Structures are given as C-alpha cells and as structure tokens.
Amino acid sequence: MCNFAVGMDGSKIYYADVLLPLHLPGTYTYRVPQEYNGKVKPGQRVVVQFGRQKLYSALIRRIHEHAPNWKTKYIASILDIEPIVTERQMDFWDWLADYYMCYAGDVMAVALPAGLKLASESAVAIHPDFDGELSRLSDQELRVVQMLSEHQVMKVADIGRALGIQKVMPLIRTMIEQSIIVMDEDIKNRFTPRTSTYLRLSEAYQSETSQRQLFNELERKKRSKQVAILMQLMQLSDFGRNPVAKRALPQGSALNTLLRNNILKQEEHVESRIERYDTEDLLDPRQIVLNEEQERAFSVLSGNCSQRTHLLHGVTASGKTEVYIKLIDEVIRSGRQALMLLPEIALTTQVINRLKRYFGDKVGVYHSRFSASQRVEVWQRTLSNDEGGFQVLLGARSALLLPFRDLALVIVDEEHDSSFKQQDPAPRYNARDAAIYLASMWKARVVLGSATPSVESYHNAATGKYGLATLTQRYGGFSLPEVTIVDMREAYKKHEMKGHFSTPLLAAIDAALAKKQQVILFQNRRGFSLHLECDDCHHIPQCVHCDVSLVYHKATNTLRCHYCGYSIPVPEECPACHSTHLRMIGIGTERIEEDLQIMYPDATVARMDLDSTLQKNQYIELLNDFQNRRIDILVGTQMVTKGLDFQNVSVVGVVNADNLINYPNFRSFERAFQQLTQVSGRAGRHGEGGRVFIQTFNPQHQVLADVMTGDYRHLYEEQIQERRVFRYPPFYRLIQITLKHRDTEVLNASAEWMATQLRGIFTWRVMGPEYPLVSRIRGLYLKQITLRFERTEAIADAKRVMRQIADDLSKQEGWSGVSVLFDVDPC
C-alpha cells in the first residue's frame, strides 16, 4: 500500500521509479530531494545508491507522489537537463524485455552507449561552491574534506576504508546534499563534448578605424610576425566577421603576445567527432533514373496501402539501393527520420558513402566500432530536432535502439542475415523482427530487402501478411554470373587438383588476373588449419575450457580456441604419445591466403576475416584497397558475402561448400543457399558476365542445383513443406532454454527436473534436454530444452510459467548456481 506524503513545510514529496542497467526485475523507488522538485523528468539519468557502496546512473521511468511502505534512499544527483531517452523508447524496451524474456535493465545496459552509463565505485571531490567553513562540520566530515584537499578526487570505497566505517554512503550523501562535496564530473559523465580553441579580434578592434590604427602601431614597432598573423586571421575570418581555429594560425610567441595584450580573444567551440561531408557536391536523389522494374517496386513500397511491411525481393545487383535512396528522400523531404539496418559493420562503409553522396550530414552512422564518445554524439543528434540532428540513421542491429524523434521508414537490408540476431548478452533479440514492432509504434513503413529472403519473410509475403515487390533483372542489363559446380571427388581422381584448388577455378583465376580483373575466394573457416592431429595416436589438442579442438593460426604460431580465446604454442611433439609425426588437418582463410601468395607471386592477395579486421578501421582500409584495385585476390569468410559492390570482380570461388550444407540445423539448406547465392552475386556486377566456381564433394545436392539456376522459389517450396511437417518456423515458434553449470551432475539433474516440470504443463511441445553441438564453453557445461508453440497461440502466459519454473529451480538446494537463459526465436 502507498500513501501520499508532504514535507514538514507542507510541500509535496515526490518519488521516482528508476530503471537500473542490471539483470534485475522491475524498477526501484527513490525519493526526490526537495531542491530537485520540478527538475526531474522521465527519461533523465540520475545517480542513485544501490547496495551499500555502489552508485549507478539510473533512468527515471516515472515520477509520482505515492510513498512506499519502506524507507527510501534519496536521488544523489541529476545528470541531464533534458531526457536522453523518450517515453516511446522506454515502451519499446519494455516490449523487448517481455517478448525476449529478459529484464528491462538488460535492455538498458545494451541500449545506452558506454559514455552514458555509470556503474562503478564512484569518486567524489570537494564541491566548487564549498565556502571552506570547517566549524560546522562533524569530525568525519572534516576528515573527508581534509583527505580530498590532499588527493582532490577519491573513490567512495577508499574514503570508507580510511575512516574505518563500512556504511560510508549515508555520510557521502549528506555531504553531497550540503554541497560540501560533489561527484567527480569525469566519473559522472564519461562523455565530454570535444572542444577546439578559436580566436577573433577583441571588441576594441571591430571597426575599420581601430583595425587600421592597430596595424599602424604594430608596423611602427616593427612587430612583423604579429602583423603577419593578423593579416592571415583577417583573410580566414572574412575580415573579422568569423572566428578562426587557433590551430590554423602560426603558433609561437607572437600569437601568445597578441592574446596577452587582449588584441585577440580566445573562445572554446564545441566540435563534432563525426566526420563532416562536403555538402557542395551533393547529388539530387530525384535525378536517379529507375528502370521499369524499379519504378514498379518503388510505387509499391511508397504507395498508400494497408500493409505497412513489404518484402523487396531482388536478385543480386538489381539496384535495391537506388530504390532505398528514393524512399529515404521522400522521408527527408517530409522532415521525418529513416533508419537503415545492415547486417555487417564492414558492409556499412560502402552504403554510407553512397547515401552521403545524396544526403550529406543528414546521415548518421552507429555501430560498435565507433568510440564511446562518437556513439554518444550520434545518440544525441538522433534525438535532437536542431539543424545538426540526423534524419537518416545507418548501422548494425544496435542502431535499432537509438532515441528516434519521428521515425517514418525502416529499411532492413539483407533481412535474411543471421547477424541481425543478438546472441549474448540478453536481450537475445532479432533486429529484423524488433524493427517491425518499433515501426508499428511510429506507424512507419518497413522494407525488408534481400536477394535470398528468409523462409519466414517470404512466407509472410506469399500469404499476404506482407506486401511484395520484386526485381528479377540486374540493374543496367548485366547478366547474372555463370555458376559451375566442381566435383571434388572426380577432380582428385583425375589429378585435377593443385592443393585445395581445382583446375577450372585456377584457370578462371589466371584469365581474370591476365585481364587485370579481381577475384574473391570464400572459405567459411578462419585460421590456417582446423586442427593439429598426431599421425600415430590421432590425438587432437583440445581447449581446456571448451569442448572444441584448437585451431592453428600460423601468423602467431599458436593453437587457439575460437570460443574463449585460450591459446597454446604449437607443440613440437604429441602431448599424448610424444610422437613427432604431427600434421595439420583442414584449411582456413589463412592457409588459402598463403597458398595463393605462393602460386601467384605477382598478384596482391589479402584476407578479410575476424582476425584480419580486429583493429579499428582495418576493414575500411581493406575494402578501399580492393575497391581501388590495389588487391587482386581477396580471401574471406562470410564477411565477403554480404552485399559488397565491386566493379571489377569477375571470378568468385567457393573453396568448400560442404561445411555449409552439412551443418546440423534445420536452417542449414536455407543458409547454404543464401550464402552461396550472395557470394556468387559479387561477380560480374558492372560488366561482362561473371563466373562462379563452387567446389564440393556432393555435386548432386539439391541446394547446389538451386544455386546454379538461381531458383529461390524451388528452395522455398521444399523448405516450407518440411517445416510444416516437422513443426518448425514459420508455422511454429521456438523458445530455447539453455542451462549452464560447471558440474555435469548438477547440470544433468537440474535440466531433467526442469524438463519434467515443463512437460507436465506443455506435454509434446517440450524437446530435450540435450547437449548442444558444443557442450562446454568457458568452463561451463550446457544443456538445452526447446519448446514449440503454434504460431497462432498466445504465449505470454507460457512465458510466465517458464520464468516461474526457472525461479523455482534456483531455489532448489544445491542448484542456485545454475544459470538459465531464454532465447526466443533462436536462429
């Protein structure tokens, strides 16, 4: 029960329900100090004490006057003048938490840029307005002031240890309320605007007469360096009308003298961390000439119809981006915002450049490769309605969580891509599906674009839930590439293999290089070799933390785990039998790169995978080098399959297609078709027909036949029938529960108990528990339980039951350490 409360002077007492960026349910109530009455608003960040010593930045969710029936702590301070998160955005967070079975605090922790979060043993300093009057301080307060006088900034925990008291927070809070100390600003706000020093003439020298007198005086005193600086400043400042960056002027004693004599005035200007685009060279989107198919698609996507979500199914290089640009232009002219989601950070580079050619600084980019300060600036400019605010936002899945002010259009390019699904940490959301819900909150249109749509999206279009627009021809009239399936068994029998490359593939590479054309080779395994094996006892080195073999990386001469990062030097002998007969099994991108460098010493070979693009902007340099033809052969993992557009690529080779087809997942045929078709689509996009060579030991496989003919519809019909029979999406919704623990006995017992509880309620819908393909990761054993629900079923109640069973499991004796994770719509 809650009660209304008033202060001793009759004023109202307010309370704030705040959201913390922690894996905890619900909100927490804090009292608003009287001096903050009227200043606090939902969506602002405030500093609160949570626990004995920790301070966190929390988001105000609600302001009210209902006093809870327990003693509340006070809000320590306000971090924002205006809200940084909108009410609609917080409603979206609530939906994400509810649908994907996590807490709103989990969503907040992922959504807010690091520069806007505070979660530490916070530091304090003496308040700048403290009058220095020590007589009114208690002994403990006096000691705190003395320590801060010596150290300037101290952590709260260090102050507690120095004073010898455990519960130091009440003392700290009292001193903050009395304006004796303040939270250190560097801790409180990690984001600080970038500033630069600018110079202008002082007020005394604004008129032409005063300027003439100044120059005469300096020339009379033979101050030639000062005169030269002033002349340069006058030229750069449009004769004193505008300030000039200090860095643009010669540095030294002459400039310092002008400042010291108050001839020049210094001022700080806030500057953007985001690279600006020259708006003078912008192209007009209205000048884009669409072909007949594109015009029809644009008409469908921009028309007023009851369907707000459309699938744009266009073959590779069919000109989907031109249609996107025309749609975005409509939104910008209406003064609203557009969001374009891309599956891969590397892919954003080319698309950003294309969109900025049309929309300039109206385009903002948001992804995890940006620095913390850059991400905060994009966040603020997305929310801003000022001239510098962004109207077009591009990014990977995290861009979905930005604070939009007026969203009118959402484009999900390569909508089929599994990268749109967040794995860890929670929320484990699918950005494509979540984008559709976010758009519905804004009554915005959604365009899902792909040459190889997901079975679920195509099914929604085929059944009329989504609208459908198609592009069946490549833009500019270019033909689709010719696909050749190479039978590796026959090639080995006939001795037509050189290393891991077939004769037809090598002949095509030779011809392409002779014509100064480029080649892309795809192998979905990074590293040099998949593992090291002893020829005598067949021992394979394993990770000590995960149930996987270690992958050989020649660049570092180590065996490395791709799950936890554990690595060891390459052994000189077998650890099990001490034999020296060791050999590398399997090939990765690193091995392919090395082999090609030996086979083509005059060609420039580069590799694009996670290992080669770890450093910031390394992937941009790789793409630019390939675009500018400084690289002849590019070897890569799935990073090279995703929508990249290169004019000079004539040959694409898939080194081994079998590991895609044979992956144990109900989506494996769909994924194999998508990746093979996408990488094939990099060839021949802007000229003579490209050629694609797919090497396989199973050339008769139906997926490969569909890739050869480009028959997506056949693949879809096959898959949709299988999924209807075996109860998979899109007819059923899956929820996967993963249990983790270090002890296999504890894990097995708890997983069986949970499965039994679930079967008692959901009967045949429960599958498992089973060990996944990799049954131990980072020292924790895993077991999975999967539940199926008909797509037409409302499962909100079922989710509540699952959560309750998980809570009951944690209360069982000896099982409190078992982690239970929920994954709704696993990929």
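Begin by selecting Asn 557, which in this predicted model is partly exposed, with a relative accessible area of 43%. Asn 557 sits in the loop that connects strand 27 (551–553) with strand 28 (558–560), and although Asn 557 is not a glycine, its phi is positive, at about 55 degrees. As background for this stop and some of the later ones, most residues other than glycine have a negative phi, and most peptide bonds are trans.

Next, select Glu 414, another residue other than glycine with a positive phi, here near 55 degrees. Glu 414 belongs to the loop between strand 19 and helix 14, and it is buried, because its relative accessible area of 6% falls under the 20% cut-off.

Stay in that loop, which runs between strand 19 (407–413) and helix 14 (431–442), and move along to Pro 425. The peptide bond that leads from Asp 424 into Pro 425 is cis, with omega near -5 degrees.

Now go to helix 19 (residues 618–627) and show the side chains of its buried residues, which are Tyr 619, Leu 622, Leu 623 and Phe 626. If you look down the axis of helix 19, these buried residues fall within an arc of 95 degrees, so they line one face of the helix.

Select Thr 72 next, in the loop between strand 6 (66–67) and strand 7 (75–78). Thr 72 is buried, with a relative accessible area of 13%, and, once neighbours within four places in sequence are left aside, Thr 72 is in contact with Tyr 15, Thr 29 and Arg 31.

Finally, zoom out to the whole protein, which has 25 helices and 39 strands. Its radius of gyration is 32 Å, close to the 28 Å given by the globule rule for 827 residues, so the protein is as compact as a globular protein of that length. The C-alpha trace spans about 95 × 80 × 70 Å along the principal axes, and 53% of the 827 residues count as buried. Of the contacts with a separation of 6 or more, 75% come from residues 24 or more positions apart. If you colour by charge, the mean positions of the 99 positive and 97 negative charges are 3 Å apart.

How values were computed. Residues are numbered from 1 along each chain as its sequence is written. Side-chain values use heavy atoms; hydrogens and water are left out. Helices (H or I, at least four residues) and strands (E, at least two) are DSSP runs, numbered from the N terminus. The radius of gyration is taken over C-alpha atoms; the globule rule is 2.2 Å times the number of residues to the power 0.38. Buried means under 20% relative accessible area, exposed over 50%, partly exposed in between (1.4 Å probe, protein chains only). Contact means heavy atoms within 4.5 Å. Lys and Arg count as positive and Asp and Glu as negative; His and the chain ends are not counted. The place of a charge is taken as NZ of Lys, CZ of Arg, CG of Asp or CD of Glu. The arc is that of the directions from the helix axis to the C-beta atoms.
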